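Please keep the sequence and the 3D view open while going through them.

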Amino acid sequence: MNIKRYLIDSFIYFIIPLLIIAIAWEFSIRSIPNDYSYKSKWLKDNAHDIEVLYLGPSTVMYDIDPTTSKWKGFNAAHVSQSLKYDHFIFDKYINQMTSLKQIVLGIDYWSPHGQMEQSTEWWRVKYYTIHYNSPYHENKFKYKYELYFHNPRTLKIAAQGAARILGMGNVSHLNVNNLGYGTNYNVNNKLIDWDNGVNEAMRHNELIKTYKNDKQAYEENLNYVSDICKLSEERGIKVILLAPPIYKSYTNTLDNEYINDRNAFCQSIADKYSNTTFLDLSNSDLFAADDFYDANHLNDEGTRKMVGLMDEQIEYSVLR
Amino acid sequence: MVINSFNFLLFFTIVFFVYYFPLKENTKAQNWLLLISSYIFYGVANWKMIPILLIATTFFFFVGKQIPRGNEKRASLLTSIGVIAGIGLLFYFKYLDFFIQSFVDLFNSIGLKTNWSTFGIIFPLGISFFTFRLISYVIEINRGRIEPDNNFITFATYISFFPTIMSGPIDRPNSFIPQLKAKRSFNYELAIDGSRQVLWGLFKKMLIANNIAQFIDVVWSDISTQNSPTLIIAAGLYTIQMYADFSGYSDMAIGVGKILGFRITKNFNYPFFATNIAEYWRRWHISLTSWVTDYVFMPLNIKFRNLANAGLIMAIIINMIIIGVWHGANWTFALFGVYHGLLFIPIILKGTFGRNKKLKSNKYGLPKLSDFMKMVATFSLVTLGLIIFRADNIAQAWTYIVGIFNLSNLLSLTSDGLRVLIPTLLCTIAMIVAEWKMRDKEFPLQIDSIISRKGWRIALFWIIIIVTVLYSGEEQQFIYFQF
């Protein structure tokens, strides 16, 4: 009798309410559209139509707007997207992308060593599981459910999601345009503190330092990019490995060793695959201070310049 | 699989239902279940360590059985073999590499090059805890306090009991083995009490310890760049983190034990309310301190009794060094032990060692000012000791302590992150107030006497659950897993 009472008490007062809250929480947050849900759905529905696929981290997401390009393109980059997830998206949709001519893959300084799971951005991994059905972490709660990442701010988000489900609100976390370009970095709200570049580069120096000795991660990343290039070569698709434009306060602070590492990483792959070129815009004079939102992302003015440049490069690459 | 994880919740739910339904009141089968569950729990952490645990358990089981009654010489010999085997096990896995490296460093420093290399021995989780259980088993048999166990399953379950194998408390065989032999049916009151204790442990670990850890780790990652106020705050917070982390684990382990019908040894008794160091050690990691007191301090104290206070001081310093070194192979732990040993000297000379002070409240329900000042002084001394404990080496501890007394740049903090700790600090205050108010109870959520209405109690538990969920910090390993 006692055990029944214990179980009934536990279930009625705690377990059932907790389960209800947990499920409601998960569904509420998932109901809010975000960049991942939008891009995965767009790719699912329209992958066959793409001529150019842009992959990479935030430097690609905020630097290239396919709506202003003469090519039919889609920006599938996400903030802090590591090469593992670039490869995953490419691999998932490659068979659907029957019109694909060109891939532009952004490679930041941290990319050759980077693993999203090991970084402070680990909480983004779940979006690939939830929205792209990534198979990497099917059994890991923290990489699978919104629930794992919770704080007072997520309580508010869950409430907004619940309101959306009940038709009482319309909150959205969508920060990209219809072709996947990140729309929040523009001239009007650009950061004017250029020391930001120093801080950001210092942060990346520290980040890379923690990754650097992980030879396995480096090898894995090399394999991911090589695999993209190899499969593309077999299908007649060209690849540009892009070192995105960076403001000088960032470049000057970044450890030279990491710059050389990244360049060697890209060049070694470009040398190996005939369909692949390495385009280094990290020291380009084409971009002035006015073109940047912050030290490592362009604003909408800079993006226009960037798209013009990329269109030319793609034309050259595709016709090559 | 850690005790505050979703995986553990699933694991424990299965164990609970099998334990209380198909195996209800079948002690033998329940022990089998606990043993298998414990080895699964331990194996999930590192399955390669299972043979070590099994071999050690088997060896001590047979040594225990061989210890005869009435043949003191043979009993002492076998007990010594057991104790040496236990210490040897610890020495090999915990200290051997450290000693080799220390000798290499010593020889290198005097210009004698050696080609010795360490073995790269992997440290089995929980070894310090289960080894102390094994050693106490043979000693207790030799002392005639328990009979050698004839049932290997019971003995192996005592050694590997899953709630306590990783981080204690270190239960003694005399209190735990009889519980394993007794018929265990579900005890509603005990299970409710255990569930509340688990909740209190989760609150301390997930909310207080995990949040503070993030600040502490940043400060300790580069202490030379931190200013005095940052170092002082980080040192104080580390003391709180240690307590919340370790006592949080103990609460969860004891709570889980209660749900299964066991009364596990109490490990903490509100150490922040200690008014001197001697009292602090009677309130902190009680299962370890009482173990070392019984098996090390008491024999030494008898041996040195002719030396009066000097003998007592020597016994305590040795005792404290063993407690320090138990935590790991590093000179910092030895120094930590010496430091605490030295703190006992004024208490011994004053003649207040061993006195237990009953704390009283003033008319506002707060501690008396004189007691409060003593608590703050004790906390400060403990905090200073934990700087040595936390440091990677003695030089780093010294840098930290020197940094505290560097009185330039006193008006700001050199590490971000304290602002985000405000909710945690408020919860820490709430924890300390609750502990003060409920200091006569085993843990502060034993509130039936002050909140008689069930609805209000449930509301309070829900507040704790919600606050813990919303403000819990990033998952951190339990500090005591490394010991």
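This is a predicted model: local features need pLDDT of at least 70, side-chain atom pairs count only at pLDDT 80 or more; totals for chains, interfaces and linings use all residues.

1. Along its principal axes, the C-alpha trace of chain B spans about 70 × 65 × 45 Å.

2. Chain B contains 17 helices and zero strands, and 40% of its 483 residues count as buried. If we consider the contacts in chain B between residues at least 6 apart in sequence, 75% of them join residues that are at least 24 apart.

3. Is Arg439(B) buried, exposed or partly exposed? A residue is called buried when 20 or more other C-beta atoms lie within 10 Å of its own, and exposed when there are 12 or fewer; Arg439(B) has 14 within that distance, and it is therefore partly exposed.

4. Which residues does Arg439(B) touch, once its neighbours within four places in sequence are left aside? The contacts are with Tyr270(B), Phe273(B) and Leu359(B). Tyr270(B) lies 169 residues from Arg439(B) in sequence, and yet the two are 7.0 Å apart in space, C-alpha to C-alpha.

5. In chain A, strand β1 (residues 52-55) is covered on both faces, with Val52(A) and Tyr54(A) buried on one side and Leu53(A) and Leu55(A) buried on the other. This strand β1(A) pairs in the parallel sense with strand β2 (residues 73-75) over three bridges, and within that pairing Val52(A) stands opposite Gly73(A). Strand β1(A) also pairs in the parallel sense with strand β3 (residues 102-106), here over four bridges, and Tyr54(A) stands opposite Val104(A) in β3(A).

6. The last point concerns the contact between the two chains, which takes 10 residues from chain B and 10 residues from chain A. On the side of chain B that touches chain A, α1 (6-20), α8 (188-221) and α17 each supply at least two residues, and the largest share, four residues, comes from α17(B). What kinds of residue make up this side of chain B? They divide into 10 nonpolar, no polar and no charged.

How values were computed
Residues are numbered from 1 along each chain as its sequence is written. Chains are lettered from A and ligands numbered from 1 in the order in which they are written. Two residues are in contact if their C-beta atoms, placed from the backbone, lie within 7 Å. Two strands pair if DSSP finds at least two bridges between them. Ala, Val, Leu, Ile, Met, Phe, Trp, Tyr, Cys and Pro count as nonpolar, Asp, Glu, Lys and Arg as charged, and the others, Gly among them, as polar.
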